[in-house]
Amino acid sequence: MSKTDFLSVVPLFILTSAAILILFSIAVKRDHKVIYVITTVSLAIDFIFLVWYKATATWVIEPLFIFDGFGTFNTGLILLTALAVTMISYAYFEQREERKEEYYILLILATLGAIVLVISKHFVSLFLGLEILSVSLYSMIAYLRKRARSDEAGIKYLILAAFSSAFLLFGMALVYTAVGTMEFSKIASHLSSLEAMPVIVFAGFGLMTVGIGFKLGVVPFHMWAADVYEGAPAPVTAFIATVSKGGMMALLVRFFTAIDGYQYHGLILIFTIIAIASMFIGNFLALRQGNVKRVLAYSSIAHLGYLLVAFLAGGTLGIEAVSFYLVAYFITSTGAFGILATLSDRDRDAELLDDYRGLFWTRPWTATMFTSMLLSLAGIPLTAGFIGKFYLVAAGVREHLWLLVVMLAVNSAIGLYYYIKIIATMMEKNEVERPASNELNPSVYVVSGVTMAILTILLIWIGVHPNGMMVLIHELLALD
Amino acid sequence: MQLAFYITSAIAVIATVMVITNHNLIHALLYLVVSFLAVAVVFYLLGAPFVAALEVIIYAGAIVVLIIFVIMMLNLKEEAVAQERQWLSRGIITGPALLSLVLLAELIYIIVGAQVAPSDAQIVDSKAVGMSLYGPYVIGVELSGILLMAGIVGAYHLGRQKKKIVHRFLEEEAS
């Protein structure tokens with residue numbers, strides 16, 4: 001193993017060491033604060049290392065990993081999101097669970113799985129990364145055992161994720177039978193030597209789409225989303241909505257670009273149908289919900305549909321648009337679920353619309369932050385969500401995907417309704433006084449509050465001044 | 001050789017269909033064992049004796065035994081004994097036994113006939129598997145270790161909790 005090999009895998013190494021360090025620390029003494037600090041510090045060090053190391057060229061560790069600009073960008077994004085999730089987890093778990101320490105091990109391992117996913121260039125690393133992510137998520141979703149819904153959500157996710165993994169494996173096996181290799185680039189070169197895609201390879205890609213689509217939570221593989229979002233603890237929901245989906249999206253972009261899927265009309269047709277169905281069904285189902293977690297679940301289905309528009313457009317602009325939209329979407333989702341977590345009390349999460357009634361009058365700052373998150377999800381100007389959506393439309397228009405672009409515009413309008421509905425509920429005067437739910441030392445909430453404030457500022461800053469982020473993405477993607 | 005492959009595959013398919021359609025868990029498990037054995041023979045025929053051995057040891061051996069343990073431990077009542085006797089009646093074993101006999105006959109035929117693999121396939125022995133696992137794929141092996149760690153930590157957390165009281169009246173009683 002050469003020096004560059006070693007330096008490239010250091011981000012994975014730091015996370016693994018952190019998980020083991022936490023295990024030892026639990027063995028010595030269970031202390032939530034210590035373990036929280038270890039998690040935060042290791043994620044931060046990992047990110048700092050990534051920025052400091054600043055790979056100047058693409059580096060490949062045969063046969064499993066590729067470290068290029070796209071991978072580095074997504075790794076950094078995942079690390080920062082995991083850091084934000086950790087920040088909001090402390091106050092949340094402090095008041096709910098007696099054994100909160102294992103959660104951080106699982107969080108770190110899930111992050112590791114997502115990072116493996118975004119740097120993989122081989123079916124083996126793809127599958128291992130996906131499974132590390134999924135297995136950690138099973139227990140994270142069902143973590144609060146005392147809640148009625150947590151078991152249901154955990155079991156649902158377990159069974160469906162296992163099923164979708166089986167589909168993915170079977171698809172990989174079919175591709176391997178026909179092509180004889182599991183490396184993305186070799187599959188590509190083998191396929192390009194053929195005139196048309198063999199039926200068996202196409203069937204393999206179709207089966208793989210099931211596995212990938214499940215993780216992305218796109219229609220028709222979206223059934224789990226609402227129940228799991230509702231049953232999981234709020235920070236875990238934030239993690240599923242961002243890191244798990246974003247990791248898979250990055251992998252899909254890498255795989256599709258590698259095999260040059262754009263020349264196969266069948267694949268394009270499948271993904272176009274998935275994109276349009278996700279936008280419409282996600283938005284329509286969200287209209288009918290009275291539960292904020294479920295609204296966000298369905299809206300995330302729609303957002304993944306929007307993302308697929310830029311993904312289908314492809315090319316440099318398409319990938320840049322996907323990256324930018326992921327940044328905007330990560331910030332907004334983490335922020336929205338973070339606020340949901342800070343409003344929750346010991347017994348249940350603040351998920352009903354009634355919990356938000358009159359929030360503007362009781363907690364104006366929280367309500368303002370939540371409003372800006374929702375407006376960004378809706379894609380209102382001056383927020384990151386607007387620039388992201390603009391980017392998507394630009395990518396779509398450039399490739400003349402008129403149908404998809406029109407659908408995106410129509411759905412953004414539909415989506416506005418349910419976001420505005422939540423904001424309107426917050427504006428209403430509340431007659432009934434609700435008791436304050438914060439029972440802990442107020443300093444615990446400072447961390448969550450500061451995280452939320454930073455996310456909000458980032459959101460507006462990227463919305464007003466998107467140049468910095470655009471240049472960063474452009475430079476990283478241009479790396480070769 | 002071709003014929004042997006098709007017979008084994010047919011046994012695997014039949015046994016798996018029986019696993020899915022059988023309502024009795026123990027019967028389904030018996031067929032599951034046959035299905036695993038058939039898959040092992042298929043691996044052997046394709047020139048992967050090491051994987052065939054692993055299939056028998058891990059799947060037909062360890063995992064099925066584990067499932068049987070769980071099923072038996074879940075029903076520890078008196079009627080369970082009668083039920084067990086009914087489950088293990090002689091007539092039930094005929095199906096799986098017949099299929100296994102066919103597999104055994106095939107295996108003997110292959111070994112005696114000394115036909116190991118089709119001529120166009122290369123044989124992957126345990127050394128080749130080890131070389132590739134601890135050569136290019138060593139990071140994959142390490143990641144599998146991490147995967148197990150995630151599973152164990154999660155199982156520990158979910159398994160150690162006391163039985164939770166679902167109903168609020170029972171909760172008052174208990175406290």
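**Notebook: helix ends, interface and salt bridges**

I began at the end of helix H2(B), which is followed by Gly47(B), a residue with a positive phi near 95 degrees. I note at the outset that this is a predicted model, and I read every value below as computed from it. I then checked the length of helix H2 of chain B, residues 25-45: its 21 residues should span 30 Å at 1.5 Å a residue, and the C-alpha atoms at its ends are 30 Å apart, so the two figures agree.

**Chain B against chain A**

I next looked up how the two chains meet, and found 19 residues of chain B in contact with 33 residues of chain A. I use lost accessible area here because the size of an interface is often given in that way. The area buried between chain B and chain A is about 2300 Å², and carbon and sulfur atoms give 75% of that area.

**Salt bridges**

I then went through the charged pairs, and over all chains the count comes to 14 salt bridges. One of them joins Arg254(A) to Asp68(A), with 3.0 Å between the closest N and O atoms. Arg254(A) belongs to helix H10 (residues 234-258) of chain A and Asp68(A) to the loop between strand S2 (65-67) and helix H3 (69-94) of chain A, so this pair ties together parts 186 residues apart in sequence. Are these two partners buried or exposed? I find that both Arg254(A) and Asp68(A) are buried.

I compared this with the salt bridge of Arg145(A) and Asp151(A), where the closest N and O atoms are 3.3 Å apart. Here Arg145(A) counts as buried because its relative accessibility is 18%, whereas Asp151(A), at 26%, counts as partly exposed.

A further salt bridge is made by the side chains of Glu428(A) and Arg357(A), at 2.5 Å from N to O. I placed Glu428(A) in the loop between helix H17 (402-427) and helix H18 (442-464) of chain A, and Arg357(A) in the loop between helix H13 (315-343) and helix H14 (359-362) of chain A, so that the pair links distant parts of the chain, 71 residues apart. Glu428(A) counts as partly exposed at 36% relative accessibility, and Arg357(A) is partly exposed with a relative accessible area of 27%. I also traced one network in which salt bridges with shared partners join Arg149(A), Glu152(A), Lys156(A), Asp227(A), Glu230(A) and Arg294(A).

**Ile414(A)**

Last, I looked at Ile414(A), which lies in helix H17 of chain A and counts as buried because its relative accessibility is 17%. What does Ile414(A) contact, leaving aside neighbours within four places in sequence? I list Phe280(A), Asn283(A), Phe284(A) and Leu287(A). With Asn283(A), the C-alpha to C-alpha distance is 6.7 Å, although Ile414(A) and Asn283(A) are 131 residues apart in sequence.

Key. Residues are numbered from 1 along each chain as its sequence is written. Chains are lettered from A and ligands numbered from 1 in the order in which they are written. This is a predicted model: local features need pLDDT of at least 70, side-chain atom pairs count only at pLDDT 80 or more; totals for chains, interfaces and linings use all residues. Side-chain values use heavy atoms; hydrogens and water are left out. Contact means heavy atoms within 4.5 Å. Buried area is the accessible area (1.4 Å probe) that two parts lose on being put together, summed over both. A salt bridge is a side-chain nitrogen of Lys or Arg within 4 Å of a carboxyl oxygen of Asp or Glu. Helices (H or I, at least four residues) and strands (E, at least two) are DSSP runs, numbered from the N terminus. Buried means under 20% relative accessible area, exposed over 50%, partly exposed in between (1.4 Å probe, protein chains only). The expected span of a helix is 1.5 Å times one less than its number of residues.
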